[in-house]
Amino acid sequence: MPLSPESKDVIAATLPAVGAAIGDITPLFYSKMFAAHPELERDLFNRGNQKQGEQQKALAGSIAAFATLQLDPDPARVEAILSRIAHKHASLGIKPDEYWIVHKHLFEAIVEILGDAVTPEVAKAWDELYWLMANTLISMEADLYRAAGVEVGDVWRTVRVADRVHQSADTVSFVLTSLDGSPLPTFRPGQYLSVGVHLPDGARQIRQYSLSSAPAKGDWRITVKRVLRTTAPDGSVLPAGEVSNFLYNNLFEGDELQVTTPFGDLVLTEDDTPILLASAGIGCTPMIGMLDHLAGVGDERPVAVLHADRSVASHAHRRELETLAEKIPSAQLYRWYEDLGNREPLETVRVGRADISDLPLDPTTQVYLCGPLPFMLSLREALIERNVPAENIHYEVFGPDSWAPAS
């Protein structure tokens, strides 16, 4: 159901003001919500992203994008934005009641920041916009829970680590099985699951990890890269990853782990169009799962695989990527490394950053991207210049989703 004409006019008139203030509204919203519900910051939200302000930016971008799309309707774009949010929410077990908590503290923050500008008419219009977005998400999430065969929000289960394998110095994969040995629920290649761990300070922190194996195997495999403490070019300190380091240092064969049913909308199309799988760094994990599936079913579509990394030594799943590409007769593998060491570059193994300008590319190709946001946005621009339609370019990003406003 679209916005009412009256609310649409009010949103159009007030969006510039709200948009200009949204950077102040969202941090205040989170501080109010966490003060009233500290368990949400401790046990649900990513504390690292909160400290760095990334979650606030993503929320602001999503609200602004959704509001703008009500004024200039683009149903496909709305579907794309909300589908990604709905899958993320389902992977966290979000329930409808939690939208009321968000509503209360978000509107308190709006009123506090904008003051007298929030007239009853303005409040009514933005309230209508919020519930249009919220109820659409609630409905989409209900469909996802139903398709997964679980009750609303009941997505968590305990699994056992059957195997632990290092994929690079900082990266380790875990094969997960059910406690009773029965096959785990199937999934679509490219999807992810959430992992919840209890940290030494008592907090339960949750992160998402792609499934890096084919669904036909009956178990699940995830790959975790520990995020070390680093210093950014501007001198700011980027903290170590809480969950990635905990898993890297503490999870071994025989241990139990809390995970969710798989979700995610970065999934292969079921047609015969060419495929391009492009990744950078640990973004290779959903691509490994997709390639494992394509090799297993004997898919005959043309497949191009692109991967960029810092060095050969830091490339997780390097040999597995080569092996899977070799199993697919139609596959072409291209790699870029910032540092090749003492190796000489080849036609398909190059020095520098990913560059598709001289690669063969069918404009009908369905493209799947995963990696750092600058890598994906740069490749998206290059793909569009090569006449690949924007709707053919799909992506996955973990943590706050800044793609929509950035693109």
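The crossing of helix H9 and helix H10 is left-handed, a term applied when the near helix is turned anticlockwise from the far one by less than a right angle, with right-handed used if the turn is clockwise. The model is a predicted one, in which local features need pLDDT of at least 70 and side-chain atom pairs count only at pLDDT 80 or more, whereas totals for chains, interfaces and linings use all residues. Residues are numbered from 1 along each chain as its sequence is written, and side-chain values use heavy atoms, with hydrogens and water left out.

The axes of H9 (residues 284-297) and H10 (residues 318-327) come within 9 Å and cross at roughly 30°, so that H9 is roughly parallel to H10. Here axes are lines fitted to C-alpha atoms, for helices over the stretch in contact, and angles run from 0 to 180 degrees between N-to-C directions; those under 35 degrees count as roughly parallel, those over 145 as roughly antiparallel, those from 65 to 115 as roughly perpendicular, and the rest as oblique. On the side of H9, the contact is made by Ile288, Leu291, Asp292 and Ala295, and on the side of H10 by Glu320, Leu321, Leu324 and Lys327, where contact means heavy atoms within 4.5 Å. Helices (H or I, at least four residues) and strands (E, at least two) are DSSP runs, numbered from the N terminus.

Arginine 164 has phenylalanine 174, in S2, as its bridge partner. S2 also pairs with strand S5 (residues 220-225), again in the antiparallel sense, over six bridges; valine 175 stands opposite arginine 221 in S5, and valine 172 opposite valine 224 in S5. Seven of the eight residues of S2 (residues 171-178) are buried, so this strand is largely enclosed by the rest of the structure. Buried denotes under 20% relative accessible area, exposed over 50%, and partly exposed in between (1.4 Å probe, protein chains only).

A nonpolar core is defined as a set of buried Ala, Val, Leu, Ile, Met, Phe, Trp, Tyr and Cys residues joined through side-chain atoms within 4.5 Å. The largest such core has 53 residues, of which Ile25, Leu82, Leu106 and Trp126 touch the most other members. At least two residues of this core are supplied by each of helix H1 (5-36), helix H4 (54-71), H5 (75-92), helix H6 (97-114) and helix H7 (120-148), and the largest share, 13 residues, comes from H7. When neighbours within four places in sequence are left aside, isoleucine 25 is in contact with Val18, Leu106, Ala109, Ile110 and Ile113. A second, separate core of 22 residues includes Phe174, Leu184, Leu193 and Val195.

Serine 62, which lies in helix H4, is buried, with a relative accessible area of 14%. Residues up to four places away in sequence not being counted, serine 62 touches Ile85 and Met133.

Two further residues are placed in the loop between strand S12 (349-351) and strand S13 (366-370), namely threonine 364 and glycine 352. Threonine 364 counts as partly exposed, at 42% relative accessibility, and its C-alpha atom is separated by 6.7 Å from that of threonine 273, although these residues are 91 residues apart along the chain. Apart from residues up to four places away in sequence, threonine 364 touches Thr273, Pro274 and Asn392. Glycine 352 is likewise partly exposed, with a relative accessible area of 22%. Glycine 352 lies 9.0 Å from leucine 340, C-alpha to C-alpha, with the two residues twelve apart in sequence. With residues up to four places away in sequence again not counted, glycine 352 touches Trp336, Tyr337 and Glu338.

Conventions
Pairing = 2+ DSSP bridges.
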